[in-house]
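Please keep the sequence and the model in view while reading.

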Amino acid sequence: MKAAEIRNLSSAELESKLVDLKKDLFMLRMQHATNHLDNPVKITAVRRDIARVKTVLREKQN
């Protein structure tokens, strides 16, 4: 997900997106721990998306 796409979302949408991304990260970590994860790069991508959403939320607070 690109930063420009994230900036177009409202604060409420960003909060819900953050919750969804955290759930996805948890599921990916569980799959990785049980050796069912096909592509471990997805974990890094989701972590970066979480960081992007948090950054945009922080920008909108100010």
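## Overall architecture

Of the contacts in the protein chain with a separation of 6 or more, 68% are between residues 24 or more positions apart, a contact being defined by heavy atoms within 4.5 Å. The structure is a predicted model, in which local features need pLDDT of at least 70 and side-chain atom pairs count only at pLDDT 80 or more, while totals for chains, interfaces and linings use all residues. Residues are numbered from 1 along each chain as its sequence is written, and side-chain values use heavy atoms, with hydrogens and water left out.

The protein chain contains three helices and zero strands, and its elements follow the order α-α-α from the N terminus. Helices here are DSSP runs (H or I, at least four residues), strands are runs of E with at least two residues, and both are numbered from the N terminus. The C-alpha trace spans about 40 × 15 × 15 Å along its principal axes.

The accessible surface of the protein chain amounts to about 4800 Å², and carbon and sulfur atoms contribute 51% of this area. Such areas come from the Shrake-Rupley method with a 1.4 Å probe; for residues, only the protein chains shown count as cover. Of the 62 residues, 23% count as buried. In these terms, buried means under 20% relative accessible area, exposed means over 50%, and partly exposed lies in between (1.4 Å probe, protein chains only).

## The pairing of α2 and α3

Helix α2 covers residues 11-33 and helix α3 covers residues 41-61; their axes come within 9 Å and cross at roughly 160°. The axes are lines fitted to C-alpha atoms, for helices over the stretch in contact, and angles run from 0 to 180 degrees between N-to-C directions.

On the α2 side, the contact is made by S11, L14, E15, K17, L18, L21, K22, L25, L28, R29 and H32. The α3 side contributes K42, I43, V46, R47, D49, I50, V53, K54, V56, L57 and K60. By class, the residues of this contact comprise eleven nonpolar, two polar and nine charged. Ala, Val, Leu, Ile, Met, Phe, Trp, Tyr, Cys and Pro count as nonpolar, Asp, Glu, Lys and Arg as charged, and the others, Gly among them, as polar.

## Selected residues

D49 is located in helix α3 and counts as buried, at 13% relative accessibility. Apart from neighbours within four places in sequence, D49 is in contact with M1 and L21.

The loop between α2 and α3 holds L37, which is buried at 14% relative accessibility. Leaving out residues up to four places away in sequence, L37 touches L28, Q31, H32 and I43. N35 also has its place in the loop between α2 and α3. N35 is exposed, with a relative accessible area of 69%, and its phi is near 60°, a positive value in a residue other than glycine.

K42, in helix α3, is partly exposed at 45% relative accessibility. A33, found in helix α2, is exposed, with a relative accessible area of 61%.

| Residue pair | Separation in sequence | C-alpha to C-alpha distance |
|---|---|---|
| D49 and L18 | 31 residues | 8.6 Å |
| L37 and M27 | ten residues | 9.7 Å |
| K42 and R52 | ten residues | 15 Å |
| A33 and L57 | 24 residues | 31 Å |
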